[in-house]
Amino acid sequence: MFFETARLQKLRCDGIQMPPVLYVCDDYFVMRCTGESLEAVLDRSADDRHTVIAKALSVLCQMHNNGSIHGGSQIRNFTMLDGEVYAILKK
């Protein structure tokens, strides 16, 4: 569990849109809410689809340019809050 939280914190420190970790224990960790799934946003806003997808790709490119790999870069692992897209890390 500590590997994931350390990775989240490092990516945030490097300026990549990752949710802050609020709580860590031996069994789980809690991240700040970063809005709704990108899938739901895309279903609702057909006009802004390209902009939303471009923001998600930008976050993914920032991770890759930083030497990190997102192990599950499916659309379900991104969220959006107040116009900002966040990547959610999976094990």
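Strands, as the term is used here, are DSSP runs of E with at least two residues, numbered from the N terminus, and two strands are said to pair if DSSP finds at least two bridges between them. The model described below is a predicted one.

With these terms in place, the pairing of strand β4 can be followed on both partners. Strand β4, which covers residues 78-81, pairs in the antiparallel sense with strand β3, residues 36-37, over 2 bridges, and within this pairing Ser37 has Thr79 of β4 as its bridge partner.

Attention then turns to residues earlier in the chain. Thr5 belongs to helix α1, which spans residues 2-13, and this residue counts as buried because its relative accessibility is 6%, where buried means under 20%. When neighbours within four places in sequence are left aside, Thr5 is in contact with Val21, Val24 and Phe29.

Tyr23, by comparison, is found in strand β1, made up of residues 21-24, and its relative accessibility of 43% is why Tyr23 counts as partly exposed, a class that lies between the limits of 20% and 50%. Together with Leu22, Tyr28 and Val30, Tyr23 forms a nonpolar patch on the surface, and the accessible area of these residues together is about 400 Å².

Definitions and conventions:
Residues numbered from 1 in each chain as written. Predicted model: local features only at pLDDT ≥ 70, side-chain atom pairs only at ≥ 80, totals over all residues. Heavy atoms only, no water. Helix = DSSP H or I, 4+ residues; strand = E, 2+ residues; numbered from the N terminus. Patch = residues over 30% accessible without salt bridge, like charges linked within 9 Å, V, L, I, M, F, W, Y side chains within 5 Å. Areas by Shrake-Rupley, 256 points an atom, 1.4 Å probe, with all protein chains shown as cover. Salt bridge = Lys/Arg side-chain N within 4 Å of Asp/Glu carboxyl O. Buried < 20%, exposed > 50% of the residue type's maximum accessible area, 1.4 Å probe, protein only. Contact = heavy atoms within 4.5 Å.
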